[in-house]
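Subject: Structure handover

Hello,

Here is the structure, with notes on what came out of the analysis below it. Please read the notes with the model open.

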Amino acid sequence: MVRKARLGGYAGQHLYVDMTKEQCKTVPIDRKFAVTYLGGQGFSSRILYDEVGPQTDPLGPENVLIWATGPFTGTLWPQASRYVVGAKSPLTGIFGEAHAAGHWGPELKFAGFDTIIITGRAKRPLYLLIDNGIAQLLDAKDLWGHNTNETEEMIKEAHNDPSLRVSCIGQAGENLVRFAAIINDYDRAAARSGIGAVAGSKRLKAVAVRGSKDIPIAKPDRYLEVIEELHKKMLDSPFTTSRAQYGTTNLVELMQEIGRLPSYNMRSGVFAEYKKISGEAIKDHYLVKPRADYACLQRCGRYTLVRTGPYAYCGGSPEYESQSALGSRCGNDNLESILYGHHLSNLYGLDTISTGSTISWAMEAWEEGLITAKDTGGIDLEWGNHESIIKLIHMIAHREGFGDILAEGSYRAAKRIGRGTEKFVMHCKKQEIAGQEPRAQKSMGLATATAARGADHLYAFPVLDEVGFDEEIGIRYGQEYLPEIGDRLNPKFKGIMVKENEDFCAVVESLGVCKYGTLIPPVLFYEDIVAAFEVTVGIHLTEAQFRQIGERIVNLNRGFNVREGIRRKDDSLPRRLTHIPAPEGPSKGQVVELDQMLDEYYEQRGWQLKTGLPKTQTLHRLDLDDVANDLLKQGIKLPQ
Ligand code: SF4
């Protein structure tokens with residue numbers, strides 16, 4: 001019998017965990033599956049499509065929860081720290097996923113697995129321990145009710161091993177807050193889509209991993225040479241130096257400069273008090289030191305310290321999204337409360353973007369007199385009231401009083417309260433929009449509207465028209481599109497840009513590496529991936545093949561959403577952003593020309609302009625005939 005050589009880069013096994021029966025089983029990773037979907041997002045998307053049928057209750061036992069690493073996770077690629085968690089989202093009811101860095105993903109590979117697929121629902125709280133290839137479910141009764149840091153500490157203590165890596169939920173996930181996160185390595189958040197609530201619904205408190213297995217490298221003789229070259233490129237990039245100084249916190253200043261810093265629930269893209277909450281202010285007064293995730297040369301993570309007062313803490317520092325969500329978005333210029341609010345959200349396991357955005361929705365409704373003290377139980381929701389923001393974070397995590405309504409997310413909260421508060425919800429497909437005011441950067445508006453998991457700045461992350469667009473970068477899109485594509489206020493050619501970036505992001509998230517340094521800015525690009533994949537995995541895929549894999553994953557995610565009823569009408573933005581000109585700042589007078597950009601985007605994608613449905617020939621070209629057939633079986637006839 002001829003045995004197929006094991007692929008390099010992969011641990012080689014899926015771990016299936018049935019929470020209902022409290023059983024684990026391993027399944028070898030199929031070579032064809034690996035080459036078709038790569039890993040990470042690709043694995044998660046395919047498993048989700050196959051295992052979660054339409055109309056499945058996201059908080060029911062039929063939903064699945066998938067942790068997936070990629071073939072580069074845990075290798076020497078300069079930032080090989082990432083993993084993806086996928087599930088049908090309880091916030092949006094459609095495709096859901098979240099990503100995180102840290103050390104947990106690499107450790108899962110060292111423990112012998114590429115993916116974990118959780119099914120069913122346990123009768124009692126459990127946690128999963130994976131110890132060098134052996135998986136077992138253990139009683140989590142004593143962990144239930146504890147925050148994420150306590151949970152991690154308690155598990156390490158119970159196994160007398162401080163080097164265990166833990167991914168877990170806090171009280172928000174237990175209480176099924178619809179935007180609950182999963183936190184690993186104390187403060188790395190897989191935050192979006194409410195995947196923490198899916199873990200809570202399955203009564204899975206944590207996944208702890210440790211291992212000492214090797215990740216096989218297909219061509220060790222050439223591997224170090226290729227990797228050394230990648231490290232050199234990364235270290236030579238000017239962005240590497242600035243990232244280690246500020247992480248993403250100095251985006252506050254950069255966003256303010258172009259009118260893209262959302263303030264007062266996205267009424268405006270500038271915030272008069274931005275200096276008080278800036279990256280510079282954090283660096284000058286609170287920064288302890290930067291920190292790196294596994295194999296990272298850029299070190300955007302950091303620790304901060306607030307010495308005294310009600311917001312005293314020492315721990316993970318916010319990045320830009322938390323600064324804007326809990327700061328300018330809520331009209332809040334109290335930096336210590338933002339740092340503490342971010343920390344608190346990590347302890348409870350909350351997505352700070354949805355938390356801050358939902359609170360800012362309530363603040364605007366309060367100002368308009370549509371929400372009153374009668375609704376809030378006496379809590380004052382005036383803009384910038386940082387004490388109320390902190391109080392609400394506690395109440396959301398525990399689903400107490402008004403916090404129980406906010407825990408549903410701004411879309412459902414507005415539906416419940418009514419009275420015209422619906423028009424202040426800043427969402428797409430029921431997920432709150434991140435800290436990117438799209439009237440100041442049209443590509444971000446389109447990307448937010450088309451992202452598969454609902455409002456999402458990371459699915460495409462088209463920032464090149466913001467950070468600068470030189471000749472070399474133009475090659476990615478074709479020189480003929482310059483200079484319009486590099487003009488952030490010009491809607492022209494943004495469909496091309498978003499499509500290209502979505503495909504590339506899908507590849508990056510599937511390989512298990514960080515977007516900093518690949519996408520933002522493109523220090524490492526397709527040619528580097530081709531070279532590294534060949535020496536790591538042992539298969540030569542061309543740039544065109546990687547591009548096709550990215551496109552396949554995006555279309556698969558669209559297929560999932562189409563099966564749930566998503567069409568062009570849902571690729572939308574709030575009226576405020578498409579019809580009301582930005583009232584002030586450098587982007588004053590701008591709106592998002594979404595329809596025009598959507599037409600161009602659908603054209604590029606091979607999707608029907610009128611409906612946003614993928615054409616049969618598009619799915620056929622991407623080897624997704626089974627998806628086309630499945631949609632047909634569901635009564636959805638795709639255009640030719
Ligand atoms: S750049 Fe930041 S998020 Fe990316 S791997 Fe490094 S520390 Fe982690």
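Tyr-127 touches Leu-138, Ala-140, Leu-143, Ile-155, Leu-204, Lys-205, Ala-206, Val-207 and Ala-208, leaving aside residues up to four places away in sequence. Contact here means that the C-beta atoms of two residues, placed from the backbone, lie within 7 Å.

This is a predicted model, in which local features need pLDDT of at least 70 and side-chain atom pairs count only at pLDDT 80 or more, while totals for chains, interfaces and linings use all residues. Residue numbers start from 1 along each chain as its sequence is written.

Tyr-127 and Leu-350 have the most contacts inside the largest nonpolar core, which has 186 residues. Such a core is a set of buried Ala, Val, Leu, Ile, Met, Phe, Trp, Tyr and Cys residues joined through C-beta atoms within 7 Å. A residue is buried if 20 or more other C-beta atoms lie within 10 Å of its own, exposed if 12 or fewer, and partly exposed in between, with C-beta atoms placed from the backbone. Helix α21 (residues 494-511) gives this core its largest share, eight residues. Helices (H or I, at least four residues) and strands (E, at least two) are DSSP runs numbered from the N terminus.

The protein chain is assigned domain 1 (13-210), domain 2 (237-416) and domain 3 (438-608); the bounds come from an automatic or database domain assignment. The centres of domain 2 and domain 3, taken over C-alpha atoms, are 26 Å apart. Between them, 15 residues of domain 2 are in contact with 16 residues of domain 3. On the domain 2 side, α8 (238-246) and α9 (251-258) each supply at least two residues. That side has six nonpolar, five polar and four charged residues. Ala, Val, Leu, Ile, Met, Phe, Trp, Tyr, Cys and Pro count as nonpolar, Asp, Glu, Lys and Arg as charged, and the others, Gly among them, as polar.

Two residues other than glycine have positive phi. Ser-193, with phi near 75 degrees, lies in the loop between β11 (188-190) and α6 (195-201). Ser-193 counts as buried because 33 C-beta neighbours lie inside 10 Å. Lys-429 has phi of about 55 degrees and is found in the loop between β16 (427-428) and β17 (431-432).

Regards
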